[in-house]
Amino acid sequence: LGADAAARLGLPAGLPVAPGGGDNMMSALGCGCSVEGRVAISLGTSGTIFARTAAAARDPTGAVCPFLDATGGGLPLLCTLNCAAVPEEARAAYGLERDAIVALAEAEPIGCEGLTLNPYLAGERTPNWPQASGALVGLRAGHLARPGLVYRAAVEGVAFSLRDGLEAMRRQGLGDCDEVRLVGGGSKSAFFRRVIADALQMRVACPAEAESAALGAALQAAAHVAGAADIGAWIADNHDPPVGENVLEPDPAAAAAYDAAFALYRRRGESLFGGGER
């Protein structure tokens, strides 16, 4: 920090200045995705998937953004328009508190007896279906009288949308990942975490520090001060962001049911809205 700037800011001259970066780039550092082998999923109003790779993605469809990360590698990123707000629509429709409808949803079967909720309430960008809408398909007598079933279908629909996105990421260079670092408001839900873990068949861990972007900026600055040649490796070796108590292993016994429900979700989405790029 130069003397003039230091005087204006009220800081000591000579302080190291780190370069900073974009929100997703800093979040990757702060949630433990500064090295390959982990992928981050943010469950917010939109769903975001990103991970460190050796090089930028080259997706001609534009579904996977060719970002670079803050360590010299790639940061392929995929964003869906519809995520944590979709189950809230189902909850609001029945006028139930969240704990009450989650308890009902936990008692319902995986796959929701063939009920699929395609969660495209705002259209969708991934896949490229701007004309899409939300669709509840496979209704049978009595289904609408079971709020837990509809809520579970909404959560599963979001999980399947993210699984679809993760497969697109893999087609664009994302290697084998054994763990998902889950962030965003939806990650606070134990039910959401369980569905994500089982639908993706991946370990799910929530970072102990929820403000992952702010932590990532601090870690990047620390690596810069330390003179690290490889920022990502330095963070992994010295300050790998810890996870909290919310670590879930996938249930292998649930895999087949989720695979079947995911295949049905994709067939119905294609039948209703297909024609855009995946």
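Author: Let us begin within helix 3, which spans residues 85-94 in this predicted model. Glu88 and Arg91 both belong to this helix and are three residues apart, about one turn of the helix.

Reader: How do the side chains of Glu88 and Arg91 meet?

Author: Side chains of opposite charge can pair when their charged atoms come close. Here the two side chains form a salt bridge, with 3.0 Å from N to O. Glu88 is partly exposed, as its relative accessible area is 24%.

Reader: How many salt bridges does a search of the whole structure find?

Author: The search finds 17 salt bridges. One of them joins Arg52 to Glu36, whose closest N and O atoms are 3.6 Å apart. This pair links distant parts of the chain: Arg52 is in the loop between strand 2 (47-50) and strand 3 (77-80), whereas Glu36 is in the loop between helix 2 (23-30) and strand 1 (38-43), 16 residues apart.

Reader: Which residue forms a salt bridge with Arg38, and how far apart are the closest N and O atoms?

Author: The partner of Arg38 is Asp240, with the closest N and O atoms 3.0 Å apart. Because Arg38 lies in strand 1 and Asp240 in the loop between helix 8 (231-238) and strand 8 (243-248), the pair ties together parts that are 202 residues apart in sequence. Arg38 counts as buried at 17% relative accessibility; Asp240, with a relative accessible area of 32%, is partly exposed.

Reader: May we turn to aromatic rings? How many aromatic pairs are there?

Author: A pair of aromatic rings is described by the distance of the centres and the angle of the planes. In this model the count comes to eight aromatic pairs. For Tyr120 and Trp129, the ring centres are 5.6 Å apart and the planes stand at 85°, so this pair is edge-to-face. Tyr120 and Trp129 are both buried.

Phe160 and Tyr258 also form an edge-to-face pair, at 6.3 Å centre to centre and 75° between the planes.

Reader: Where do Phe160 and Tyr258 lie?

Author: Phe160 is in helix 5 (residues 147-171) and Tyr258 in helix 9 (residues 255-273), so their pair ties together parts that are 98 residues apart in sequence. Phe160 counts as buried at 3% relative accessibility, and Tyr258 counts as buried at 1%. Ring pairs also link Phe160 and Tyr258 with Phe262 and Tyr265 into a cluster.

Reader: Finally, what is the order of the strands in the open sheet?

Author: The sheet has six strands in the order 3-2-1-6-7-8, with mixed pairing. Strand 3 and strand 8 stand at the edges; each has a single partner strand, so one side of each is left without a neighbour in the sheet. On average, neighbouring strands of this sheet are turned by 20° against each other, direction ignored.

Reader: How many bridges join strand 1 to strand 2?

Author: Four bridges join these two strands, which run antiparallel. Ser42 stands opposite Thr48 in strand 2.

How values were computed:
Residues are numbered from 1 along each chain as its sequence is written. This is a predicted model: local features need pLDDT of at least 70, side-chain atom pairs count only at pLDDT 80 or more; totals for chains, interfaces and linings use all residues. Side-chain values use heavy atoms; hydrogens and water are left out. A salt bridge is a side-chain nitrogen of Lys or Arg within 4 Å of a carboxyl oxygen of Asp or Glu. Buried means under 20% relative accessible area, exposed over 50%, partly exposed in between (1.4 Å probe, protein chains only). Rings of Phe, Tyr and Trp (its six-membered ring) pair if their centres lie within 6.5 Å; planes under 30 degrees apart count as stacked, over 60 as edge-to-face and the rest as tilted. Two strands pair if DSSP finds at least two bridges between them. Axes are lines fitted to C-alpha atoms, for helices over the stretch in contact, and angles run from 0 to 180 degrees between N-to-C directions.
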